[in-house]
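Here is a short report on one protein chain. Look at the sequence and the structure first, then read on.

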Amino acid sequence: MENIFGGSEPFRSYSETYLSKGLLLIFVVDSADHSRLPEAKKYLHQLIAANPVLPLVVFANKQDLEAAYHITDIHEALALSEVGNDRKMFLFGTHLTKNGSEIPSTMQDAKDLIAQLAADVQ
């Protein structure tokens with residue numbers, strides 16, 4: 001089952017309902033929005049606490065921007081080392097291309113990984 005919901009405040013009340021039915025958790029964070037990273041960390045850890053074995057894929061988006069934190073900084077800012085050893089966890093640096101016509105290789109790798117994780121769970 002595939003469920004997608006936004007992370008903004010009005011949608012957060014739905015997360016527990018859908019998380020229990022999902023195959024994996026995909027979390028997208030804006031790498032260039034430094035001020036919201038503490039909020040993203042808090043929300044992510046609430047989500048993973050609700051389901052401690054659900055595989056986690058984190059996209060550190062907007063890696064093409066000069067102000068973006070590198071993925072190692074995102075790993076630290078989101079405290080991903082605290083996720084636990086029992087959970088499959090993957091972190092990808094991503095960005096959109098200017099015209100959207102090409103898919104960056106990182107996104108293709110992520111797509112393949114997500115398909116494999118979903119197949120493993122089913």
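## Lysine 62 and its contacts

Lysine 62 touches Asp30, Ala68, Thr94 and His95, leaving aside residues up to four places away in sequence. This lysine sits in the loop between S2 and H3. The model is a predicted one. Is lysine 62 buried, exposed or partly exposed? At 33% relative accessibility, lysine 62 counts as partly exposed, because that class runs between 20% and 50%.

## Asparagine 61 and the record

Asparagine 61 belongs to strand S2. Its relative accessibility is 22%, so asparagine 61 counts as partly exposed. Which residues does asparagine 61 touch, not counting those up to four places away in sequence? They are Val28, Val29, Asp30, Ser31, Thr94 and His95.

An unreviewed UniProt entry places the feature "binding site" at Gly7, Asn61, Lys62, Gln63 and Asp64.

## The sheet around S2

Three strands make an open sheet. Their order is S1-S2-S3, and the pairing is parallel. S1 and S3 are the edge strands, each pairing on one side only. From one strand to the next, the twist averages 15°.

Now take the pairings in turn. Strand S1 covers residues 25-30 and runs parallel to S2, with six bridges joining them. Leucine 25 has leucine 56 as its bridge partner in S2. Valine 29 has alanine 60 as its bridge partner in S2. On the S3 side, S2 pairs in the parallel sense with residues 89-93 over five bridges. There, the bridge partner of valine 57 is phenylalanine 90.

Why is S2 largely enclosed by the rest of the structure? Strand S2 spans residues 56-61, and five of its six residues are buried, so the strand is largely enclosed.

Helix H4 (residues 105-121) lies across S1, S2 and S3. H4 runs at about 160° to S3.

## Aromatic pairs

How many aromatic pairs are there? The count comes to two. In one, the rings of phenylalanine 27 and tyrosine 43 have centres 6.3 Å apart. Phenylalanine 27 lies in strand S1 and tyrosine 43 in helix H2, so the pair ties together parts that are 16 residues apart in sequence. Both phenylalanine 27 and tyrosine 43 are buried.

The other pair is phenylalanine 59 with phenylalanine 92. The ring centres are 5.9 Å apart and the planes are at 35°, so this pair is tilted. Phenylalanine 59 lies in strand S2 and phenylalanine 92 in strand S3, so the pair ties together parts that are 33 residues apart in sequence. Phenylalanine 59 counts as buried at 8% relative accessibility. Phenylalanine 92 is buried, with a relative accessible area of 14%.

Methods: Residues numbered from 1 in each chain as written. Predicted model: local features only at pLDDT ≥ 70, side-chain atom pairs only at ≥ 80, totals over all residues. Heavy atoms only, no water. Buried < 20%, exposed > 50% of the residue type's maximum accessible area, 1.4 Å probe, protein only. Helix = DSSP H or I, 4+ residues; strand = E, 2+ residues; numbered from the N terminus. Pairing = 2+ DSSP bridges. Axes fitted to C-alpha atoms, helices over the stretch in contact; angles between N-to-C directions. Contact = heavy atoms within 4.5 Å. Phe/Tyr/Trp six-rings, centres within 6.5 Å; stacked < 30°, edge-to-face > 60°. UniProt positions renumbered as here; feature names shortened; annotations may be inferred.
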